[in-house]
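Here are my notes on this model, point by point. Please read them with the coordinates open.

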Amino acid sequence: MRISSNFDSGAIEVVSVDRADDIRLRLRADQGIEGDGAFRQWFHFRVHGGAGAALRMVFENASEAAYPDGWPGYRCVASYDRRNWFRVSGTHYVDGQLVVEHTPERDSVYYAYFEPYSHERHLDLLGWAEMSPYASVSNLGATVDGRDLDVVTVGRPGPGKQPVWITARQHPGESMAEWFVEGVLERLLDGADPVARKIREHAVLHIVPNMNPDGAFRGNLRTNAAGVNLNRAWREPDPLRSPEVHLVRQAMEASGVSLFLDIHGDEALPYVFFSTAEEVPGFSDAQRARQAEFVAAFEAASPDFQREHGYLPGRFAEELLTLASKWVAYRFGCVSLTLEMPFKDNALLPDGLTGWNGARSKRLGAAILGPILRHVSATGA
Ligand code: ZN
């Protein structure tokens, strides 16, 4: 039996595979100059040669993960063909170790923290958008590893057009964020969809499907190739160490921002929720009213979204304005929200086979077009 992870978003440390019923593993730390050891949680690896064997895989250092609260109630995902991912019911968090018990039906099986979104799929999404009559793809510059940082622009600029920004995967292990963007783009570029048509009439959308392609390819949870947590770099982005934020912030200054959505996943909470902007200095009554309208419209648009469960006030303390959505709310005085989706499942609408997954993230992305239309038509000329 063999375990490998030398592929796109692969990450695991193998301690021993001598016995199928006692495979010893360790979560690998995010790679980067500064961040080594700081964050670990994402894993993605292949087991070969275990068909029919009752595998018992022990992640020895699970308690040292960035979010140990992510493990209770969590179930590992698995796939034979890398397309259809299912949850492994025999996943337990016991005495600080994550234990995954599974008897694979095939000799080749992949296990991951969440359904991956590959770099190839990312490039295919950009290529597909490029061919749409409603979109264009521009390169903002290069990432630390020299990958392309691209933005998809939808709608033609013109007087009174509302600039809307959507960014995803600042935290590269939160692959559900790019599935969400795929759902946004598929609906937004649909010539037959009346909501999409009206949005394109009122707004110009700037969509960054993956803010952190280096971290995604390296199999990081939180950081880019320089070890920087991009969602703590918005107040003072460094052109060399966090060029991804530096470049997007520059483009935002050029376009202005009337609505910003930053798409994430949360390890611990089994709900879809917004982190809102009330704590941002200068948050105005107008912002509060517009934010409330947007949140209510999303609640009406998708039963997967709720507003009862979320972060407690004060969570980000003095770091507040280093976060993308808080900095944008502060700088542009607009509606600016962080959307969080679960790594586990939506406890209000659970799915025993898949948990929360790529397909459900895509449907949620499609559903957010209703609230976007409401927002841009209310502020539009
Ligand atoms: Zn995140």
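1. Start with Arg26 and Glu64. Their side chains meet in a salt bridge, 3.9 Å from N to O. The pair links distant parts of the chain, 38 residues apart. Arg26 sits in strand 3 (residues 23–26). Glu64 is in the loop between strand 5 (55–59) and strand 6 (77–79). Arg26 is partly exposed, at 27% relative accessibility. Glu64 is partly exposed too, at 47%. The distance falls inside the salt-bridge cut-off because that limit is 4 Å. Bear in mind that the model is predicted.

2. A second pair is Arg19 with Asp21. The closest N and O atoms of this salt bridge are 3.0 Å apart. What is the relative accessibility of Arg19? The value is 49%, so Arg19 counts as partly exposed. Asp21 has a relative accessible area of 39% and is therefore partly exposed.

3. Glu174 lies in the loop between strand 13 (162–168) and helix 2 (176–188). Arg222 lies in the loop between helix 4 (213–218) and helix 5. The pair therefore ties together parts that are 48 residues apart in sequence. Glu174 is buried, at 1% relative accessibility. Arg222 is buried as well, with a relative accessible area of 5%.

4. As background, side chains of opposite charge can pair when their charged atoms come close.

5. The ion is coordinated by His171 (ND1), Glu174 (OE), Glu174 (OE) and His264 (ND1). The distances run from 2.1 to 2.4 Å. In sequence, the donor residues follow the spacing H-x2-E-x89-H. His171 is buried, with a relative accessible area of 3%. Glu174, as noted, is buried at 1%.

6. Is the zinc arrangement tetrahedral or irregular? It is irregular, because the four donor atoms subtend angles of 57 to 145°. Water is not among the atoms, so the site may look incomplete.

7. Next, the packing. The largest nonpolar core has 74 residues. Phe43, Phe45, Phe59, Tyr111 and Ile368 touch the most other members. Helix 2 supplies the largest share of this core, eight residues. The core also draws on two domains, with at least three residues from each of domain 1 (2–112) and domain 2 (119–380).

8. Helix 5 covers residues 243–255, 13 residues in total. From its first C-alpha to its last, helix 5 reaches 18 Å, close to the 18 Å expected at 1.5 Å a residue. Its buried residues are Pro243, Glu244, Val245, Leu247, Val248, Arg249, Ala251 and Met252. Gly256 follows helix 5 and has a positive phi, near 80°.

9. Two residues other than glycine deserve a backbone check. Ser9 has a positive phi, near 65°. Ser9 is found in the loop between strand 1 (2–4) and strand 2 (13–16). At 6% relative accessibility, Ser9 counts as buried. Asp95 also has a positive phi, near 50°. Asp95 lies in the loop between strand 8 (91–94) and strand 9 (97–102). Is Asp95 buried or exposed? Asp95 is exposed, with a relative accessible area of 77%.

10. Last, Gly155. Gly155 lies in the loop between strand 12 (148–154) and strand 13. Gly155 is buried, at 15% relative accessible area; the limit for that label is under 20%. How far apart are the C-alpha atoms of Gly155 and Ala196? They are separated by 9.9 Å, while the two residues are 41 residues apart along the chain.

How values were computed. Residues numbered from 1 in each chain as written. Predicted model: local features only at pLDDT ≥ 70, side-chain atom pairs only at ≥ 80, totals over all residues. Heavy atoms only, no water. Helix = DSSP H or I, 4+ residues; strand = E, 2+ residues; numbered from the N terminus. Expected span 1.5 Å × (residues − 1). Buried < 20%, exposed > 50% of the residue type's maximum accessible area, 1.4 Å probe, protein only. Donors = N, O, S within 2.8 Å, 3.2 Å for Na, K, Ca; no water. Tetrahedral: all angles 85-135°; square planar, octahedral: opposite > 155°, others 65-115°. Core = buried A, V, L, I, M, F, W, Y, C linked by side-chain atoms within 4.5 Å. Domains from an automatic or database assignment.
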